[in-house]
Amino acid sequence: MENNLTTSLHGLNALVCGATSGIGKATANEFAELGANVTLFARNKTKVEDTLALLHSSDCQSHQYLLGDFDNPQGIEGTIKNHMDSGNQYHILINNTGGPKGGPITDANADEFLQGFNRHLICNHILLQSLYEGMKKKGFGRIINIISTSVKQPIPGLGVSNTIRGAVASWAKTLSFEVAEQGITVNNILPGFTDTERLSSIIDAKATVSGISTDKVSDTMKSTVPSKRFGTPEETAKAIAFLASPASGYINGVSLAVDGGRLSCI
């Protein structure tokens, strides 16, 4: 890299999954602002085209998109293979997709675990294997997985998610040992209570089960955060952008909480 301490992403190619809402969309916007060429990967064509149209491009960037459903790993594999066979190369991979549905682990059936495992770990692995050789040849790569604070502290009522997120974190840590010598880092972002559609759905579910208002549920959740508020997707995107930059080259194998200090563990 021309300047190994820069936080600019100018000239770097980034593949951002789950890029049409929440943290994924904020990350795509942040990357574009920092000069990256961004490829959006999501399933809804209308949303992905709308997001693409909003990306900053005054740095002579070239943005594009891929369509795929992360509940269909075989489809994701075919899409990314065709894309890479067309000559595309990437420096940055952001693994991010919607979380498994909530509920106690005792109520979960086997198919829910299999779906979550496929959606998160298997699709992550498919993308990693497709992009790895290109990163290796460039001597530079950033793989960042958007997971959850449940990696460090399980969240009540999210039994399947807690289980699958832990598996992804272990996969990422193992991977970080294997690829670091190639100039590739692997890190996880653990968002706390972030103002996204996912959080709204969790609040709605809690309100329905408890029989209290969504405002009350929201206030109770905020009270557990030292900052006394929910985070924004843009705040999380700033942390992701730093880990994606050349300046972060000696940060590898970590799980960084962006949670307003809510985690009680060290």
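Modeller: Quick term first: two strands pair if DSSP finds at least two bridges between them. And keep in mind that this is a predicted model.

Biologist: Okay, how many bridges join strand 5 to strand 6?

Modeller: Strand 6 covers residues 184–191 and runs parallel to strand 5. Between strand 5 and strand 6, the bridge count is 6.

Biologist: And which residue of strand 5 does Ile 92 stand opposite?

Modeller: Look at strand 4, residues 92–95, which runs parallel to strand 5 and is joined to it by 4 bridges. Opposite Ile 92 you'll find Arg 142.

Biologist: Next one along: which helix does the chain use to cross from strand 5 to strand 6?

Modeller: This is another β-α-β crossover, and it is right-handed. The connecting piece spans residues 159–179, and that's helix 5.

Biologist: Are the faces of strand 5 buried or exposed?

Modeller: In a regular strand the side chains alternate between the two faces of the sheet, so each face gets its own check. One side has Gly 141, Ile 143 and Asn 145, and the other has Arg 142, Ile 144 and Ile 146. Both faces are covered, with these residues all buried.

Technical notes:
Residues numbered from 1 in each chain as written. Predicted model: local features only at pLDDT ≥ 70, side-chain atom pairs only at ≥ 80, totals over all residues. Heavy atoms only, no water. Buried < 20%, exposed > 50% of the residue type's maximum accessible area, 1.4 Å probe, protein only. Helix = DSSP H or I, 4+ residues; strand = E, 2+ residues; numbered from the N terminus. Right-handed = clockwise from strand over helix to strand, strands pointing away.
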